[in-house]
Amino acid sequence: MADIIQLLPDHVANQIAAGEVVQRPASVVKELLENAIDADASTIKLIIKDAGKTLIQVIDDGKGMSTTDARLSFERHATSKISTADDLFQLHTKGFRGEALASIAAIAHVELKTRQEQDDVGNVITIEGSNIVSQEVVVTPKGTSVSVKNLFFNIPARRNFLKSNTVELRHVIDEFHRVALAHPDISFVLYNNGSESFNLPVSNYRQRIVNIFGNKTNEKLVPVEEDTEVLKISGFVGKPEFAKKTRGEQYFFVNNRFIKSAYLNHAITSAFDGLLKNGTHPSYFLNLTVDPQTIDINIHPTKTEIKFDDEHTLYALLRSAVKHSLGQFNIAPVLDFERDPSLDTPYDYKNNVADTPKIEIDRSFNPFQEETQPKTTGTSTYKKEPVANWESLYVGLESKGTKTQQDFSEVHFESEESTPSIFDDEKQIETANTTYQLHNKYIVSTIKSGMLVIDQHRAHQRILYEELLKNMTIKEAVSQQLLFPLQLHLSTQEITIIKELKGDLENTGFVFSSIDDESLEVTGVPVSVPESEVPIILEQLISDVENEVPDSNFSATDLLAKSMAKSLAIKTGQSLQKDEQEHLVNKLFACKEPNISPTNRSTFITLSVDELDKKFI
Ligand code: ADP
Ligand code: MG
């Protein structure tokens, strides 16, 4: 048989390598920023258009490249950073694989402009899908500028797989933060769609953190310093009372390289033992300096994981350094009672007159009018009766004050498969005196075939989710005006997320009077949302956006509805009155997809008499 093995052409090999190196715009950002740092730049500009899908450009004032090097830099395995395998254990640069530029050039339109200080003119090279289109002499400032346009132009499948701009931009900003945090001695600027998002001058480490995460961060930081033979630790941990529900602000850098390490993260969390509220995560910004010979960064292609020779010692040192700092700065649990309780909230309420007795005025109240106003503003926040309170959770779903029974009979089931007909006869849902709450968690009801067990939290999530989606799409949400505007202080990144979702939030009933770089003012909230829940809902939302699992049909509206439904749904453990239970059951089965929660979990199960009979055999 004829020989069948052949070497792959370079452009194919490059495309394959690109699959590993370039997953999304943020990967390009990382590689280009790192190259600029390796070139000893003191100022680095990052320019992004359409979350990097249209343009990613990095301009540095580093050492530039000669004519030959400029051309060679796009070859695979072309690097100036190592020459022997031993160099791998003496790494003082970010890059070493010589793969990034070759990979990027294989899947985008790239223009490289570069000039070394001693040269009068520089070079400009244009490459499209690994093909050199042109190489010319050009007048250009000292340093290098790389523009990457139309990412994945020749791999439509990859391009289509990219997420929404909101999600991709978040990844880009995350990457920018990681690099900028590791190098406070370099100035960074980020322009997003033509406007300056970050301008980070050369500064000390604390100032860099504050410049990125906002002025409020300053008071939250506790310094950590430790210098031992094997390890030098410097940086900050966040005070326990500012611990967040999300893992967002957790940064480890080893020899100025951002890394992820669940093991070292555990060291920190255990140092905070007893100081954190359940479900919260401490912030940290820690730089570890170790001998490059004692680490192996070669185990992961995108290099966020590294292997340490002696992890156990690092763990112990890190844990004790953090514990020591927390102790030194009087953040021991014994002193807890002296703490200002207002600091316990993740957001700053100082400007909020939380304790002033409120007079609730219903401006729209008209004693001569019947209660048939679907849309009002300025109504009072809380109603006294539990039943009325319960009803208020559903404001907006029904347009008239109809009885629940009618709701159910009006239901139009769109798909029989997704709505198995467990009620052979509609009358079976007549729930009067037939519901029972089990362990403040489940609602049990009888149906013709046997019994129905509903998970109250999931069921309510489903109900709210559909209601919120409806409000957002028909834009008829009911808003209640706050008597006092609510001021929230967030990080720049959190604000970016809220800005992206502003339109959708407004459609649910939120009203924002101002949003600037670090704070926002809320003057109206959806009718079903108590004022005290607002920070929690927004924090949950930000966390959900940040942790959004890659999914090709990401929709901001859907995510918002899911997130709010999760925050607002009645919780497990909450006791429900009989009529509340019935209402929940009726509302659930008035939903389009009653049998699954918005996160695809079962909302109820059924147990037939037959099944029960079998258990009694
Ligand atoms: P690596 O960084 O792993 O060496 P790259 O493909 O990222 O591989 O870059 C290849 C080479 O191109 C680098 O080794 C470096 O010599 C040169 N280079 C890339 N970007 C720059 C830059 N911004 N300034 C100067 N030289 C650069
Ligand atoms: Mg590189």
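Student: How far from a nitrogen atom of ligand 1 does a polar side-chain atom of T144 lie?

Tutor: A polar contact to a ligand is a pair of N or O atoms within 3.5 Å. In this predicted model, a polar side-chain atom of T144 lies 3.2 Å from a nitrogen atom of ligand 1. A polar side-chain atom of D60 is 2.9 Å from a nitrogen atom of ligand 1, and a backbone N or O atom of L101 is 2.9 Å from an oxygen atom of ligand 1.

Student: What percentage of the area that ligand 1 exposes when taken alone does the protein bury?

Tutor: Accessible areas come from the Shrake-Rupley method with a 1.4 Å probe. Ligand 1 taken alone exposes 530 Å², and the protein buries 92% of that.

Student: Which residues around ligand 1 come nearest?

Tutor: A residue is near a molecule if one of its heavy atoms lies within 4 Å of it. Of the 18 residues around ligand 1, the nearest are N35, T79, S80, K81 and G98.

Student: How do the residues of the shell around ligand 1 divide?

Tutor: Asp, Glu, Lys and Arg count as charged; Ala, Val, Leu, Ile, Met, Phe, Trp, Tyr, Cys and Pro as nonpolar; the others, Gly among them, as polar. The shell has six nonpolar, eight polar and four charged residues.

Tutor: As for conventions, residues are numbered from 1 along each chain as its sequence is written, while chains are lettered from A and ligands numbered from 1 in the order in which they are written. Local features need pLDDT of at least 70, side-chain atom pairs count only at pLDDT 80 or more, and totals for chains, interfaces and linings use all residues, while side-chain values use heavy atoms, with hydrogens and water left out.

Note on methods. Polar contact = N/O pair within 3.5 Å; in protein donor to acceptor, adjacent residues only side chain to side chain.
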